[in-house]
Structure formats: C-alpha cells, structure tokens
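Reader: I am new to reading protein models, and I would like to learn how the words used for them follow from the values. Could we go through this one step by step?

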Amino acid sequence: MERTFYLMSPASVLAAATALAGDDTTRTSSIFAPVSTPADAAYTAALLVLAIAAAIFLVVAGLLAYGVVAFRQRPGDDGSEPPQVYGSDQIELAWTVIPILVVVVLCLVTARTVYDVQGALKPPGATLVTVVGHQWWWEIRYPELDIVTANELHVPVGEPTFIDLESADVAHSFWVPRLAGKTDLIPNRRNRMWIEPREPGLFRGQCAEYCGTQHAHMGLRVYVHPRPEFDRWVVAQREPAVADPTVAAGRRVFETTACINCHAVRGTVATGRFGPDLTHLMSRATLAAGATRMTREALHAWLADPDHVKPGVLMPAMKVDAPALDQLVSYLVTLR
Ligand code: HEC
Ligand SMILES: [Cu+2]
C-alpha cells in the first residue's frame, strides 16, 4: 500500500483497493440503500422521477415501435405520400398540456424534498459537528464536546447530527451516499446539512467535488454508534494525549521537528492546524483520508515519504534520520 497507485498494474490496484476496503465492503455506498432521513427523501423523489421518466419512455418508444412495424413499406405500396395531419387542435393541446403537467409535478416534488431536507430545524440535543475540507483530508470538530479529529466522523444512531461545512482552501463536497445528498464546502462560507442514521455501522463517503490531485484519496468514514458506545467514544476523545514515558525519545523528536507547526497533540507544544490533529491518531482505522490502513508500517512509510503514499500531498517529507524515525513512529503509535 505504500506505493503510488499509478505505478501499479490495474490488477494490483484492484487488489489493493479490495484489501483496503476489507470488512467495509459489506456495507456498500449505494444511493439506492438509504439509511438516514435526508437520504430517504432524496431516494423517494428519485424513484418517482425515474418512474415518470420510465412511463414516458415506454409510451414514446411503444408508439415509435408500433409506427415502424404497422406502417412499414410493403410489397405493392404505390409510393404515394400517406395522408398528412396539420393543425389538429386536440393533438397539439395534448402534447403541450401533458408535458406541462409532468414538469409541474416534478417541480412540486423536488421543491417539497428540498424544503423537507434544507428547512429542517435543529432540534435541541442534536449533535453538532463542524467539518472543514482541506486538500486532501477532512478536519472534524465537535464544538460542544471539545473534540477534534480527522477523516472519521462518529455519530449516534437514531438521532440527528447537524454538520456545518467549511473549507480551508478550495471547494470540496461532502458526500456519504447512504446518509444524505451532497453538500459543498466553500471557502468563506458556511453550509449546513444534517443526517439522522437509523442503523449503526460504518458508512463510507468521499469528496465529490474535484479539489486537486489527491481528490480521489479524500475519503470519509462515518461510524454510527448506539448511544452508549458513542458516549464512550466521546469520553476517550476528550482525554489528553497519552504520555507514555517509554517513548519520550520519540516525543522529543516530534516536538523538536516542524511537525508541531502543522499538527496538534493536546497537552503538548504541538498546536498546528494545517494538518490533522494527532491527539488520538491511532483511534482512526485509516491514514491520510483512507489512503492506507493505520498501521505501524504505514506510518513509517508515510513519515519517510508522504508523497510516495499520496503523491502531491501537502505534508513534506521531513527527512528524519532512520533511528529518529523509528522513535517517532513508536511515539505516534502510543497516541490512542
Ligand atoms: C507543512 C505542514 C506539515 C508538516 C511540517 C508535517 N505534516 Fe504531517 N500532515 C500534514 C498534512 C497536510 C497532512 C494531511 C495529508 C493528507 O491526508 O492529505 C498530514 C498528515 C499526517 C499524518 C496522518 C494523519 C491522519 O490522521 O491521517 C501523520 C501521522 C502526520 N502527518 C505526522 C507528521 C509528523 C510526525 C510530522 C513531523 C515529522 C509531520 N507530520 C509534519 C502537514 C504537515
Ligand atoms: Cu475533492
């Protein structure tokens, strides 16, 4: 996994992607399997539009097929023009009024769905999250819970979570197909959306607005938990970073390297915000917005040369020498 994808054969890319997807593939990201209120509304509207379009297609294609077969050229035709119909009020009214009715119905259904989804008021007690899009990762903050994490959003099941969307650089788009429609993250603007998942589990999302070379590796994972499990996650995330004395050497490397200008680890001198918060790094299943799994080896490869894992990435290779790199990785893996 520490190779760049485009140096690999299609078969090995597929193998790598399957390995990375792993257990997650049991839950697809199909828009046809909604599990959250806004996604349900969009799904219902989409089904109605599809049904109307299918009905129109069948009528038009059926008439066409009938015309082709019934009025085909036959032996003995005299080659003269068939009777021409001009200025039939009935026919012209029919092909004007029916499409207008169809369009009006589609407009009303769409307007209603948009109103239901966007007009929903935040009920008291809803979980609040701010998601900030970065090239190419997601900053996730829970303003009321004092939690900062990245790329993996945790929410309670059966309750609404309201999400404020912002961008630190270019336009991105937040899309978790089974939970809600897409909403853009625009610089200098705050968009809002919400989800209300009714099933626990892991739901995968992806940035849906091209935002630069690593747009495809701007994956998002939403973990939906039963309330008690979510509360336990919150308690763990609010803890300051583990301070394990056996990895003090690695911590020293971290704190004396430019890492701290870009990364924060709560309770240390590291307060940077350009890159993901590392306080509970190892609580995440994936590294670099889903580019690889979060393992010691992956971390090692990442720190040795992030560009090799995610070409074009905005984290520089820090050129830490080999012994210090080992110490640094040993420190990072204690950040649970
Ligand atoms: C110039 C700013 C910058 C510096 C310096 C920097 N990083 Fe990063 N780092 C980033 C950015 C940006 C990302 C997110 C990359 C992405 O996913 O596209 C990142 C990602 C990471 C990640 C993955 C986090 C996750 O949850 O996926 C780790 C771990 C990490 N950096 C550790 C370090 C360490 C250790 C150092 C010092 C040796 C360091 N970084 C130096 C900007 C920086
Ligand atoms: Cu993108």
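**From values to words**

Author: Let us begin with the ligand, keeping in mind that this is a predicted model. The residues of the shell around ligand 1 divide into 24 nonpolar, six polar and two charged.

Reader: Which residues come nearest to ligand 1?

Author: Of the 32 residues around ligand 1, those that come nearest are C259, C262, G275, A288 and M315. At least two residues of the shell are supplied by each of helix 6 (259–262), helix 7 (296–304) and helix 9 (322–332), and helix 6 gives the most, with three residues.

Reader: What makes you say that ligand 1 lies between domain 1 and domain 3?

Author: The protein chain is divided into domain 1 (1–30 + 239–336), domain 2 (37–69 + 88–118) and domain 3 (127–233). Both domain 1 and domain 3 give residues to the shell around ligand 1, and therefore the ligand lies between them.

Reader: How many residues do domain 2 and domain 3 bring to their contact?

Author: The C-alpha centres of domain 2 and domain 3 lie 33 Å apart, and the contact takes four residues from domain 2 and seven residues from domain 3. On the side of domain 2 that touches domain 3, the residues divide into three nonpolar, one polar and no charged.

Reader: Why is A289 called buried?

Author: A residue is called buried if 20 or more other C-beta atoms lie within 10 Å of its own. A289 has 25 other C-beta atoms within 10 Å, so A289 is buried. A289 is found in the loop between strand 11 (286–287) and strand 12 (292–293), and its phi is near 55 degrees, a positive value in a residue other than glycine.

Reader: Why is K319 called exposed?

Author: For the word exposed, the count has to be 12 or fewer. K319 has 10 other C-beta atoms within 10 Å, and therefore K319 is exposed. K319 lies in the loop between helix 8 (306–309) and helix 9, and K319 has a positive phi of about 55 degrees although it is not a glycine.

Reader: What makes strand 3 and strand 8 edge strands?

Author: Five strands form an open sheet in the order 3-2-1-5-8, with mixed pairing. Strand 3 (147–150) and strand 8 (191–195) each pair on one side only, and they are the edge strands. Strand 2 and strand 3 pair in the antiparallel sense over four bridges, while five bridges join strand 5 (residues 161–167) to strand 8, and these two strands also run antiparallel.

Methods: Residues numbered from 1 in each chain as written. Chains lettered and ligands numbered in written order. Predicted model: local features only at pLDDT ≥ 70, side-chain atom pairs only at ≥ 80, totals over all residues. Near = placed C-beta within 6 Å. Nonpolar A, V, L, I, M, F, W, Y, C, P; charged D, E, K, R; others polar. Domains from an automatic or database assignment. Contact = placed C-beta atoms within 7 Å. Pairing = 2+ DSSP bridges.
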